[in-house]
Amino acid sequence: MSSVSHLIRQLKQDRIRIALTLFGIVWGTVSITVLSALGESVHRALLKGQKGQGDGLVRVAGGVTSRPYAGYPRGRWIGFIRRDGQLIRDKVPEAELVCAEFGAPFREVAWRGRVINVQMLGVEPAYRDLRSCFPQEGGRFINDLDMRQRRRVAFLGNDIKEKLFGEASAVGQTVRIMNLPFTVIGVLRPKLQLSSYFTLDKSAVFIPASTFESLIGWRHVSGILYRPKDPATGQKTNATVRTLLAARHGCDPNDSRVWNVYNTQELVDILNDVGFGMRVFMFLIGALTLIVAGVGVANIMFVLVQDSTRQIGIKMAVGAKPRQILRQYLLEGFALVLLGGVIGLLVSWAVLWLIRQIPMDQEGLAYLGRPELSPVTALTVSSVLALIALAAGFFPARRAASVDPVEALRYE
Amino acid sequence: MDDNQFMVLRDVTKVYPMGDTDVQALRGVNLQIRAGEFVAILGPSGSGKSTIMHILGCLDTPTSGTYHLDGVGIQGLDPNELAEIRNSRIGFVFQSFHLLPRATACENVELPLVFAGVNAADRRTMAERVLEQVGLGHRMRHLPNELSGGERQRVAIARSLVNGPSILLADEPTGNLDSRSGAEILALFEQLHAEGRTVILVTHDESIAQRTQRVISIFDGKIQPD
């Protein structure tokens, strides 16, 4: 009589008790799985949101010197110009997607009598890849020709397009910015963006940096953006850029007040820490639920052992070794937890599928991400289940193995 | 090995702690049983006869003294080793049968083979053969509660025989049976003894004890002189 058929027999006998125990394990498994998967997907969504601003992006802006340098007094304003961007492009091959940025004064943008006040940015073509500002179908981002010819073209954030045009198509239309006609060349494809220093890209209007210069007349750029090609040597790349610009502008490359550096990699690191903490937290909540269920299994196993003391005695009298009895009850506990775990994983898979069907239109829901039953989650949950199964089965099994056959057979 | 030395108890005592006091179940028992003997252990309730059977059957170990089975000292073996001996060399028959209530006659008989690690097909064949032998070939798929008392005891005897042990220990095997079934069971034990097994009956009934070759009387934890 194998322990599985024995278990089935017990299942028939204690149907309700076992069903409740199974439910506990299923519930615990679903909790830990769904919570872990959600933790994972929220973490992923946060990172994606951060990458919406730019993956591994560094922004240097000018500032005021805080110490004298080479005969100059402190308190000097150091500002960068577009040529500095070109200089980085030429001299620092470790930096890619170099892009000067003007921003972001509020300007009136109008279309067919509808007028809104929008933050306007003057940017260079590399901005598209640097900030994942990809156009929706049928549009394009600002290109080199726009730059050279200082064209009056505008790329609209998707929120701005919505406000001005509603459902109507925007590409090819003429909007008026500062009362001058601009042709709309593209609309931003919706993206998750977590942080910004001016405004979220979806609420901005972008024009070529060259057009911006001649239209507004600013000499200094607001910042120069780039991305270190290799994140591992990012610090070194940043130092090279600083030294280059310091030599050009006559200031100390180590004067931290000059270099208003904004480094998204640092934010990503923080988000990773937060995400990890959150996942551990979610996992612990789920694990606690599962442990409670494990106590339930241990409890019912104790009852089973109690009820079958005489049968254990009989088995021992005919030659069952204590370790065979131990193994039998361990396996029974294991089978019970395993069954609940498998059902729980299936239910979790279904629950996660349901969560993925929720429309993610709202900003808040978007951060739920798309929770999935990842191999990592499945593996951790399975290991936790196995541990609980062993622990829940062990103590009742040990009691079963320590039954004294003489004692067990003495009384009817 | 001298046949006289098959089962040897020397100065065996057994003390059970019972709350604050200790119960002295055996007070220095010396006993030798030959291989192939048909023995009755006779005594009133509480005399210690069941305790002797438990020790002879390796279900229990002496508090002091020694027990040698076929030359092997039993004291000092661990529970797993004792189980191994019970499984391979000893068959038990109890007054109240001690069958698993939710297992069929055949499954009950298979039980010792399960713990001996015999595969399912062989178990089935062996169990069926022994059940035929005790005259229950037609009742193999029945549950214990579908069988009469005499039939249940036959199942229990079949179970005790299935591993081919050389020793049968029976504790009041006819105690729960009507006289006719009891007589049949006793006849079965006589036959099993005739086939060469060592059979030890534990009983309080003198008339049953007289059916054996040798009666060992026990009273108050001590063997009475013959």
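User: How many helices and strands does chain B have?

Analyst: This is a predicted model. Chain B has 7 helices and 10 strands.

User: Why is β10 of chain B called a strand?

Analyst: β10 covers residues 222-223 of chain B. A strand needs at least two residues, so β10(B) qualifies.

User: What makes β6 and β10 of chain B edge strands?

Analyst: Take the strand order in the open sheet of chain B: β6-β7-β8-β3-β9-β10, with mixed pairing. β6 (90-93) and β10 each have a single partner strand, so one side of each lacks a neighbour in the sheet.

User: Why are β3 and β8 of chain B called paired strands?

Analyst: Pairing needs at least two bridges. β3 (residues 38-42) and β8 (residues 198-203) of chain B share 5 bridges, so they pair. The two strands run parallel. Ala40(B), for one, has Leu201(B) as its bridge partner in β8(B).

User: Which strands of chain B does helix α6 touch?

Analyst: Helix α6 (residues 179-194) of chain B packs on the sheet and touches β3, β6, β7 and β8. Touching here means heavy atoms within 4.5 Å. The direction of α6(B) makes about 150 degrees with that of β8(B).

User: What share of the residues in chain B is buried?

Analyst: The share is 52% of the 226 residues. Each of these has under 20% relative accessible area, so the label "buried" applies.

Methods: Residues numbered from 1 in each chain as written. Chains lettered and ligands numbered in written order. Predicted model: local features only at pLDDT ≥ 70, side-chain atom pairs only at ≥ 80, totals over all residues. Heavy atoms only, no water. Helix = DSSP H or I, 4+ residues; strand = E, 2+ residues; numbered from the N terminus. Buried < 20%, exposed > 50% of the residue type's maximum accessible area, 1.4 Å probe, protein only. Axes fitted to C-alpha atoms, helices over the stretch in contact; angles between N-to-C directions.
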